[in-house]
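Reader: I am new to protein models and would like to learn how to read one. Could you take me through an example?

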Amino acid sequence: MAFKLQQPLTFKSTSSFTFPRSHSLRSSNRIIMASALGITSKEIPNGKKPYMPPREVHIQKTHSMPPQKIEIFKSLENWAEGNILVHLKPVEKCWQPQDFLPDPASEGFEEQVKELRERTKEIPDDYFVVLVGDMITEEALPTYQTMLNTLDGVRDETGASLSSWAIWTRAWTAEENRHGDLLNKYLYLSGRVDMKKLEKTIQYLIGSGMDPQTENNPYLGFIYTSFQERATFISHGNTARLAKEHGDLKLAQVCGIIAADEKRHETAYTKIVEKLFEIDPDDTIVALADMMRKKISMPAHLMYDGEDENLFEHYSSVAQRIGVYTAKDYADILEFLVERWNVAKLTGLSGEGHKAQDFVCGLAPRIRKLEERAQARAKQASLVPFSWIFGKQLTV
Ligand SMILES: [Fe+2]
Ligand SMILES: [Fe+2]
């Protein structure tokens with residue numbers, strides 16, 4: 001096994017509140033992983049610690065849904081065909097990245113690239129770091145398709161299954177694939193970012209995978225995707241708004257058109273959970289409470305560029321500062337979903353169901369209060385270099 005040499009492994013505690021799932025265990029995780037592999041410092045050349053790409057640190061739980069519940073999802077196949085697949089857009093009606101990019105086969109290509117670069121010239125680095133983080137998150141799409149195919153009862157059993165759930169997952173993936181593609185090409189043409197560092201970050205991130213703690217359980221899985229689609233809808237909407245403020249109307253259009261896709265996906269996933277609330281309110285509210293207790297992890301929380309061990313935290317901090325995605329958004333999403341699924345009005349629940357209902361309904365205000373307190377004792381801002389923008393430093 002070849003080890004790349006890297007900076008020493010130390011436990012860094014992080015005090016700033018950025019996204020609800022903290023990253024602070026990463027460094028300690030590397031120590032855990034190193035010792036689990038039986039590696040001691042003696043075996044490392046030059047006394048340096050081994051390189052360890054980011055990994056999940058929690059205990060990974062599997063198959064928490066009782067097997068008999070798989071039948072629920074089998075029986076919803078026709079319902080999904082009539083109610084969920086309708087939220088996909090036929091390919092012929094979909095936009096493609098090329099609709100928003102200079103046409104390399106046209107005479108005016110070079111001129112169009114020049115115009116793009118003129119438009120992006122005045123956009124601040126803060127914005128670019130956040131757009132890069134958003135692009136990298138989108139580019140880790142293989143991880144999200146994998147995650148959907150971990151779910152019992154709805155996974156794509158063959159890779160080309162004709163079940164409604166599998167058709168949805170493949171078509172959803174195909175729609176999502178345009179997002180990273182478009183943002184990646186736009187960033188490439190802008191000349192504002194270090195493409196190789198971005199590409200390395202994507203490779204690391206896909207290699208890290210992710211376990212959003214959905215336990216092969218489609219109740220948990222579809223709650224997670226409902227939350228995430230809304231989170232991406234909000235953040236792409238905000239990068240659209242900021243691009244407009246910075247004078248790049250094309251980039252605003254790019255982010256806006258991606259946000260519109262996310263909204264459509266949010267509609268589909270929230271409809272699935274709404275259906276689960278209708279047919280199995282007890283287990284659905286317990287699942288929602290469970291997901292919220294564990295906190296919704298951000299899909300790119302294991303992000304790493306080979307340099308910054310707290311890259312996700314730093315990117316999140318800039319996103320929070322410029323208002324692209326904030327802790328307030330997390331509470332707002334929860335509140336929106338609680339309202340969307342009529343959680344407060346559920347009746348006939350078991351004792352456990354009632355407890356879960358009370359917990360979920362009181363959670364958003366509690367998160368907001370915690371956030372206010374965290375803001376009040378926030379650490380002093382510091383400057384951190386981002387490899388994505390050629391090591392230029394930004395306030396985090
Ligand atoms: Fe997306
Ligand atoms: Fe999405």
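**Reading a binding site**

Author: Gladly! Let us begin with one residue: Glu176 counts as buried, at 4% relative accessibility. Keep in mind that this is a predicted model.

Reader: Why does 4% make Glu176 buried?

Author: The general idea is a cut-off: buried means under 20% relative accessible area. Glu176, at 4%, therefore counts as buried. Glu229 is buried too, with a relative accessible area of 5%.

Reader: Where are Glu176 and Glu229 found?

Author: Glu176 belongs to helix H7, which covers residues 164-190. Glu229 has its place in helix H9, residues 218-245.

Reader: Which residues does the UniProt record list under "binding site"?

Author: The unreviewed UniProt entry places that feature at Glu176, Glu229, Glu262 and His265. These residues span 90 residues in sequence, yet no two of their C-alpha atoms are more than 10.7 Å apart, so they gather at one spot.

Reader: Which residues is Glu176 in contact with?

Author: For contacts, we look for heavy atoms within 4.5 Å. Setting aside neighbours within four places in sequence, Glu176 touches Glu138, Leu141, Glu229, Glu262 and His265.

Methods: Residues are numbered from 1 along each chain as its sequence is written. Chains are lettered from A and ligands numbered from 1 in the order in which they are written. This is a predicted model: local features need pLDDT of at least 70, side-chain atom pairs count only at pLDDT 80 or more; totals for chains, interfaces and linings use all residues. Side-chain values use heavy atoms; hydrogens and water are left out. UniProt positions are given in the numbering used here, feature names are shortened, and annotations may be inferred rather than shown by experiment. Helices (H or I, at least four residues) and strands (E, at least two) are DSSP runs, numbered from the N terminus. Buried means under 20% relative accessible area, exposed over 50%, partly exposed in between (1.4 Å probe, protein chains only).
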